[in-house]
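Please look at the model below before reading on. My notes follow as numbered points.

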Amino acid sequence: MSAALLEVRELRVEFPTRRGTLAAVDGVSFSIAPGEVLGVVGESGAGKSLTGAAIIGLLEPPGRIAGGEIRLEGERIDKLPHERMRRIRGRRIGAVFQDPLTSLNPLYTIGQQLVETIVTHLELERRAARARAVALLREVGITAAEQRIDHYPHQFSGGMRQRVVIALALCAEPRLVIADEPTTALDVSIQAQIIALLKRLAREHGTAVMLITHDMGVIAETAHRVAVMYAGRLVEIGPVREVIHAPRHPYTVGLMGSIPKIRAGGGARTPLAQIEGAMPRLNAIPAGCAFNPRCPRRFARCALERPEPLAAGASRVACWLYPAHAA
Amino acid sequence: MRAALGRLWQHDLAYSFRHSPVTLVAALLTLACVGGALFAPWLAPHDPFDLASLNLLDALKPPAWMKGGSPAYLLGTDDQGRDVLSTIMYGARISLAVGAASVLFSMVIGVALGLVAGYLGGALDALIMRVADVQLSFPAILIALLIDGVARVALPRASQESIAIPVLVLAIGVSGWVQYARTVRGSAMVEKGKEYVQAARVIGRRPLAIMFAHVLPNAMGPVLVIATIHVASAIITEATLSFLGVGVPPTQPSLGTLIRIGNDFLFSGEWWITLFPGIALIVLVLSVNLLGDWLRDALNPKLR
Amino acid sequence: MPPEGAPALLRLVGLGRDFDVSRPWLNRALERAPRQLLRAVDEVTLEVRRGETFALVGESGCGKSTVARLIVGLHPPSRGRIEFEGVDLAAADAAARRARRRMQMIFQDPYASLNPRWRVRDVVAEPIRVLGLASGAEARRRVAALLRQVGLAPEDADKYPHEFSGGQRQRISIARALSGKPDFLVCDEPTSALDVSVQAQILNLMTALQRELGLTYLFISHNLAVVSHVADRVGVMYLGHLVEVADAEELFARPRHPYTRMLLDAIPDLEMSGKPRTPVAGEVPNPLAPPAGCAFHPRCPHADARCAREPPRPLPDGASLVACHAVQEGRLGAARGRSAA
């Protein structure tokens, strides 16, 4: 396995509140290799967006990184001063967020925003930067890039805007792109286009992508590996085929079962498998395994000790049901 | 009951209140002023309006700690022998009463008009907002003066004494409704688009019922903040009008009247007659303003 | 699933709705700009049979939510008729009012669909009170029973909405909709804002309630996979027009209209079967300036000159209705849908 581009070890993100400290991300470890797409999937409150925010250094106070380390190309980036982190952001890490409307400054043309980013990070002079911006826009599929580069964000439709945001994320040639729900706000037909674009760009540029989403379908299409998060913890991580077709952790099993799928005899209206209960709030995480109260396969140990993600096949699973833990 | 009080104490609002020393002091001061004004008949050392108890020989006495002062008149007396401290307490009563009443008046009119304009929209909204715009181009004092002036001309001399305070309340009230209307209108327009209002329409409720049962409770938050700060400005407006001589009748002096009376004596050396009512006014207005500031920040979900 | 000849509970005939999105009068007068009319819904004709779930699907801007709002009376229609059990809802008479009472609506946003200042018991009891079905203790009893029926506890009646999660709030919305004892529920994307596991709970609840109470659903959604689990029949909308109506099984096995095929193709393939997917072209055009002829023709791989000129009308094709020249002329090959086992 090639040396990991991004390595996260035992990451812990905390929120001090007046009622106590809440661990929104608790002991999460994973790595991403160059050119690889890692999907981070989980439901709301699982901590996946916070993990992305922590890596890119955009955690909103009072949230803070309270433990663990984050290494980008071997170098620690979790404890850097603001100024250094700002330079890394954009140059070595690019970001694509959910809402293209707020990711782009409505008062500047997209050309101005692209050129400014390129000039800041790549030290090209303006004309070269502009040429590069046009090339990027063409690459992300914006027709008539030469003219449209001087348009304002509101003159683009939602899907086009998201393409511009992707171009903006890529323009400084980052090694890692963190995409947080990049297709959620888009129509299904546009989603497919954006997913294909991300995949292609990752392959062609050798960029590592951390794709954060709640949509398993998008992960299935785009990612090489997937990490499943629950209540701030990593419960399963492995190759996409393994996790989706043969999930191990009972939460992943339940999650896959509850996803609606189009199948033969659609009119038969088969009931969806459901997981009882709801994800615990951060201030009420059960002892032991966070999923245990809802788990159909729990036993005594589950409520007492918290399982760590240990090897099972080509994946890692945090569950007492698996042999690696029996030892 | 204990549990409920305990919950109240723990509530976010109470927490932010307890942890802001400025707010605590402001609250205490407001309480002191209001308490002093409310209980003036029992707390005041003298009754300044009881003509029989006045002694002209005691006129123009300086405050108790100065030479020539007397402990019976802590803050000195004015030209008629009235105890300045007692007059302040009684005057504050009038100021607070007029302030609170006019704010209530403004609030009721402003909220109702704002609700109607925001929820029903259309021509009614345009009309109300144009009236508001026209009114805003005049300073509040001018409007109050206008109404007051018209009232004086329109009403018979005899009733002017008794009518003066209600007219004053009306004047200040009318000059202040616009800010409530605008805020509530904005909130109403936002809430109108929310799905719980649509749900109420689907259930079949009438527009009036929806406006008052559904939209109003959600539009009231900013209104309370405005009202608190408006009390302070209403008191100042009343003080200004009384200072100018067109506010409360001289037989029921408010803090503004006292300041005016004292003004005449300022340069002859009897500074206490104007200074202490002035300080009282400032303290009252400042503490109410600070309370309003705290309320606004505490109720703003984005700042929490 | 209700039998073929089941009577129609709801019928829409030539339904249309325009929104005036013109600039303010003063601007228009000064700039000499024309009035701008947005045709959100145009010529929609369909019927929903008693006891079935009819799903209306499409992407954003297709008009499906507007259709929902037209049916429950939140907007008046610009054209066409809405009939509930044969009663014309546009008539302002007692029969129409009575008919309206038998339909309720569930909304998409669990955070905005409950009044944050009202307790849950008041929220759920509102239809009961407004429709005069019960009062006092009886009303409270019904609220408790309803809460239990949707999977909440009777004690939850004293709480405020913000104390509940998104899924629980949708349950409260469902309880409110049911408290008026409706026959017909319009569900506007009821699970789109929910996590996938919570969605499964709510969809199962809704299916169970339909069976228990004999309800009829109009289910609006942009998610075809969800629709495949709940719908008996499906209508596909694009830019305000109904392009295909078919039985659910038929639609997923043999989609006819090119847009339906494109939609099904665009759904991410969880099975990762490696099936080649036809590249999806273009985006939904600006509804203020819709293409001439067939609204879909700029994106359609099968469009010809006629498609750019003449809007197609929904015509029967087998048991389905399809609005497509290519289909009607037999130019389109048979499609293979997603149900290929």
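1. Helices (H or I, at least four residues) and strands (E, at least two) are DSSP runs, numbered from the N terminus.

2. This is a predicted model: local features need pLDDT of at least 70, side-chain atom pairs count only at pLDDT 80 or more, and totals for chains, interfaces and linings use all residues. Residues are numbered from 1 along each chain as its sequence is written, while chains are lettered from A and ligands numbered from 1 in the order in which they are written.

3. Which residues meet between helix 5 of chain B and helix 11 of chain B? From helix 5 come B:Thr87, B:Ile88, B:Gly91, B:Ala92 and B:Ser95; from helix 11, B:Leu255, B:Thr257 and B:Leu258. Contact requires C-beta atoms, placed from the backbone, to lie within 7 Å. The classes here are four nonpolar, four polar and no charged residues. Nonpolar covers Ala, Val, Leu, Ile, Met, Phe, Trp, Tyr, Cys and Pro; charged covers Asp, Glu, Lys and Arg; the others, Gly among them, are polar.

4. Now chain C. Its helix 5 (residues 136–149) has 14 residues and reaches 20 Å from its first C-alpha to its last, close to the 20 Å expected at 1.5 Å a residue. The expected span is 1.5 Å times one less than the number of residues. C:Val143, C:Leu146 and C:Leu147 are buried in this helix (20 or more other C-beta atoms within 10 Å of the residue's own; exposed means 12 or fewer). Seen down the axis of helix 5 of chain C, the buried residues fall within an arc of 100 degrees, so they line one face. The arc is that of the directions from the helix axis to the C-beta atoms. On the other side, C:Ala137, C:Glu138, C:Arg141 and C:Ala145 are exposed.

5. The buried residues of helix 5 of chain C pack against helix 4 (120–130) and helix 6 (166–179) of chain C. C:Gly151 follows helix 5 of chain C, with a positive phi near 90 degrees.

6. Between chains, 38 residues of chain A contact 40 residues of chain C. The chain A side has 17 nonpolar, 14 polar and seven charged residues.

Key:
Two residues are in contact if their C-beta atoms, placed from the backbone, lie within 7 Å.
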